[in-house]
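The following paragraphs lead the reader through two parts of one structure. The account turns to a pair of helices and then to a ligand and its surroundings.

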Amino acid sequence: MAEIITDKLCHVYSKDTPFEKTAIRDISLTIPQGQLAALIGHTGSGKSTFIQHLNALLQPTTGRVLLDGEDINRDKYARRDVKWKVGLVFQYPEYQLFEETVYRDIAFGPSNMKLSKDEIDERVREAAAFTGVDEALFERSPLELSGGQKRRIAIAGVIAMRPEVLILDEPTAGLDPAGRTQILDNIFRYREKSGATVLIVSHSMDDVARFAERIIVFDDGGIAMDGTPDEVFSRSQKLVEIGLNVPKAAELALALRRRNIPLPESVFTHEQLLDALLKAREGKAC
Amino acid sequence: MLKDITLGQYFPGNTVAHKLDPRTKIILVIVYIVALFQANGWIGYAVVTAVTAACMALSKIKPSNMFKGIRPMLVIIVLTAALNIFYTQGTPVRPGWIITWEGIARAVQMVLRIVLLISGTFLLTYTTSPIALTDGLELLMNPLKKLKVPVHEMTIMMSMALRFIPTLISETDKIMSAQKARGADFETGSLVQRAKALLPILVPLFVSAFKRADELAVAMESRCYHGGEGRTRMKQLRMQTRDYIALALGAVFLAVMFVLKRYAL
Ligand SMILES: Nc1ncnc2c1ncn2[C@@H]1O[C@H](COP(=O)(O)OP(=O)(O)OP(=O)(O)O)[C@@H](O)[C@H]1O
Ligand SMILES: [Mg+2]
């Protein structure tokens, strides 16, 4: 069980100084157990701030965060324990690697949990397998590996804690297309095996359109839209208004519709576009 | 939590105090410190306090922000007060007590001196951006170049350090958060455990700091930076009427303090 509820969450940075800045306001969301949700929004819309509340790294200025019905900020032990249940992978996580060997870096989380040596070993190998980190790399220094490899190791370091909720802040930023697909596939494999709830912050509409069950759109610290990809991408006008783009396939479908090719509103992945086009041609043929 | 360090922080604004030439402000702070150390009687302290309060009002700094700057020095202030109260000879407050009236007076004056010293110098950093500050310093120290003092190198190092302190702080914050998300604990445990807990922060921090330094050097070289020789400024500093007025007021202030000292007021 791992259901996250936020209740009128607000966060103000540098309160009572000239630099005061309300980063998020009145965020009330329920993310049910096992959901694969995507969080999108333009730069500075408060996505990173929001997700850092979900494992009690940031405390709300007002409002609450509930994990399975209990306030995660109720005391300092709860604030600590929630870190094992809600795994958070930061933007550019490769900058957090510090151990002498890859193995020990992945083991950092589990060893903070005070697990037995065997248990740690099992989890490290399991996490490495999920993220496609070759065991041959275990004794290498993480600092001498490539950016993509470092990223996987950092993600493995969080997965090794076997979180029930996995949150990733732009896990594919700065990777090539092949690297992006692999990282996302690794994450989905973990979700399938563990049944974890997954929340991914992303700037890539094409990725989001392909995988998400639910899309939450942030705009200027608040929720602008929240729904299935169908619901969100059928309001492409609004997306454009708040400075986001729509998936390539949806853009293309829009352009074709303007040229009187009858395509349904709910086209936003390449596969759907292909199907819709084939159907439209059949319709014309007879 | 690291962001709470306001020591030497710049608060942007549009007051006269912000608009003064940085050179004027640096000179005035020196004048202020000299003047403060002339105070040896209640009237003297009253004058300096009034001047400080006026300057704070002029620069529209909230007293609460000022106190935040003083807080790190609280231990020193309390210690100074205690030492002065207990170790000054004179008439006891009550017969048999070691606390004397003279001790209390001295303690109050010493605390005032420290608080005023901090407030005065903070006024400079609160109202002057780091860049303006180092520019002002460089121009003021220009004559030293004749003595082969590497003024430009010193000030460019200083402005770079100042420029990167916030970056490093936010980077430290980020790395700390990332390690906390993996269950690292920086707040509890024995001293040894806490020192060990710093390793996961220091290693990534140094790695990225060195990388950043490298990149900065390359970026500067590719923009043809070759030291201070023949370098001109985009924003030339020019003394205005208000600067001369401020300097004149500073001179009057200093003169008043010298006179007060002469008569031990
Ligand atoms: N530590 C901080 N101190 C002060 N203000 C901050 C801090 N972190 C973020 N902010 C501000 O809060 C707002 C939201 O920032 P946040 O990092 O949550 O945005 P984001 O949606 O993650 O953006 P991006 O897509 O660029 O990562 C921004 O305006 C930012 O300037
Ligand atoms: Mg972000």
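To describe how two helices pack, a line is fitted to the C-alpha atoms of each helix over the stretch in contact, and the angle between the N-to-C directions is taken on a scale from 0 to 180 degrees. The model considered here is predicted.

In chain B, helix H2 covers residues 22–36 and helix H6 covers residues 101–127. Their axes lie 10 Å apart and form an angle of about 175 degrees. Because angles over 145 degrees count as roughly antiparallel, H2(B) is roughly antiparallel to H6(B). On the side of H2(B), the residues that make the contact are B:Lys25, B:Ile26, B:Val29, B:Tyr32, B:Ile33 and B:Leu36. H6(B) contributes B:Arg113, B:Leu116, B:Leu117, B:Gly120, B:Thr121, B:Leu124 and B:Thr127. Sorted by class, the contact of H2(B) with H6(B) comprises eight nonpolar, three polar and two charged residues.

Attention now passes to the ligand.

Several polar atoms of chain A can be located beside oxygen atoms of the ligand. For A:Gly46, a polar backbone atom is 3.0 Å from an oxygen atom of ligand 1. For A:Lys47, a polar side-chain atom stands 2.7 Å from an oxygen atom of ligand 1. A:His203 likewise has a polar side-chain atom, at 3.1 Å from an oxygen atom of ligand 1. Taken alone, ligand 1 exposes 640 Å², and the protein buries 70% of that area.

Terms used
Residues numbered from 1 in each chain as written. Chains lettered and ligands numbered in written order. Predicted model: local features only at pLDDT ≥ 70, side-chain atom pairs only at ≥ 80, totals over all residues. Heavy atoms only, no water. Helix = DSSP H or I, 4+ residues; strand = E, 2+ residues; numbered from the N terminus. Parallel < 35°, antiparallel > 145°, perpendicular 65-115°, else oblique. Contact = heavy atoms within 4.5 Å. Nonpolar A, V, L, I, M, F, W, Y, C, P; charged D, E, K, R; others polar. Polar contact = N/O pair within 3.5 Å; in protein donor to acceptor, adjacent residues only side chain to side chain. Areas by Shrake-Rupley, 256 points an atom, 1.4 Å probe, with all protein chains shown as cover.
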